[in-house]
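Open the model in your viewer and keep the selection panel at hand. The stops below go from the ligand to the core and then to one helix.

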Amino acid sequence: MHVVLVHLGILVYSSRGMQHFLLRRDWIGRIRLALTLFGIPYTVCTPGVRSALSCSSSHPFGTSQTVRPISTSYCNLYTTGVRTMPPSTVPHIKSRCPQYPGSKIKRFLVPDDKVGWSQSWPQYNPVSHNDPSVLKKPVWADPDISSFSPKFNTVDGAVDRTSFGGTYKMEKGKPLNPHGRTGVTGRGLLGRWGPNHAADPIVTRWKVDPKGAKISHPVSKRPVMQFVAIKRKDCGEWAVPGGMVDPGEQVSLTLQREFSEEALNSLAAPPSERSKINERITKLFKSLGFQVFKGYVDDPRNTDNAWMETVAVNFHDDSGNSVSELPLQAGDDAGQVQWVDVDSSFPLYANHSHFLELVAKERKAHW
Ligand code: BGC
């Protein structure tokens, strides 16, 4: 059985065919919660929610999105189709930050017009950098490139070395950053040569007053959303509680695992509580996903030979009585965790602000 919740109504697809029932608005929320709890797949359609959505042309991350409805094993709402734009038209910025994070390394400065590899630049003299944490050969990192034979642009054993942007080029046996020069060669802080895959769960709810009514922003007049934000231990910046996809791991599992570890501190919870958290999060994440972004991330750790890519998915607790009721507790890579108002003035790590802008626009919330 699959259920489609439409504006003031419900369509039920079952072995007996499609049936349409008219409902009062306040019943929709109750039905959604019940469907979530019983694990019945459903799709929500409200007027305007399926409209096409484009990211601003000045956006520095080089992708544009069109939202379309979809049903996958983990996203029953909608997903984003990603079109990669030529790297030279929208140069990455954070990937050229003058000082490489966690080090004293100064990048070779790359002007906007020299970012693209197609621009010949014989004077380009990038600094080679591999962080000591990577050179120690931890399990999450590749060996040095000269001492193993990775299969680039393919799924190499359990390690996914494909890029969301398509086939990337190789130069002297090393992958080339598809978004151009960064002023640093090697892997820096990143474990993998080529793409390093992450996943970002964006858990949201409406901001409500003590009576449960949505609070609107005084200027935009739009309802304010809140999202679960963590303060990263590595750089002190606020971010979405994302993390790296483990070898062989499904992205859907990474989203759920990272949220549980960083925002609910599931790793420190006793086994019985951990399984309760997992059960609740599994249900929510299975039924309410909306894929916001999939592609290259303009991350300050990027180099000419290693870069971040991510999939960001929004899980929205519309009625406020699902994940909103779970107590937040920072764990793993997170120093702090809290619900934060979604607002363009709140600075966030890497391109996380862009994810929230897309979510706010899609849900017609204040930005
Ligand atoms: C973070 C993600 C982030 C990605 C790219 C990962 O380390 O955990 O939240 O989107 O890097 O910046």
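**Stop by stop**

The shell around the ligand holds seven nonpolar, three polar and two charged residues (nonpolar: Ala, Val, Leu, Ile, Met, Phe, Trp, Tyr, Cys and Pro; charged: Asp, Glu, Lys and Arg; polar: the others, Gly among them). This is a predicted model: local features need pLDDT of at least 70, side-chain atom pairs count only at pLDDT 80 or more, and totals for chains, interfaces and linings use all residues. Numbering starts from 1 along each chain as its sequence is written.

Select the shell: Ala198, Asp200, Ala239, Val240, Gly242, Gly243, Met244, Val297, Asp299, Met308, Thr310 and Ala350 (C-beta atom, placed from the backbone, within 6 Å of the ligand). Strand 13, strand 16 and strand 18 each give two or more residues to this shell (strands are DSSP runs of E, at least two residues, and helices of H or I, at least four, numbered from the N terminus).

Next, select Ile202, Val292 and Phe355, which touch the most other members of the 52-residue largest nonpolar core (buried Ala, Val, Leu, Ile, Met, Phe, Trp, Tyr and Cys joined through C-beta atoms within 7 Å; buried means 20 or more other C-beta atoms within 10 Å of a residue's own, placed from the backbone). Strand 18 gives the most to this core, seven residues.

Finally, select helix 3, residues 251-263. Just after helix 3, Asn265 has a positive phi of about 50°.

How values were computed
Expected span 1.5 Å × (residues − 1). Buried ≥ 20, exposed ≤ 12 C-beta atoms within 10 Å, placed from the backbone.
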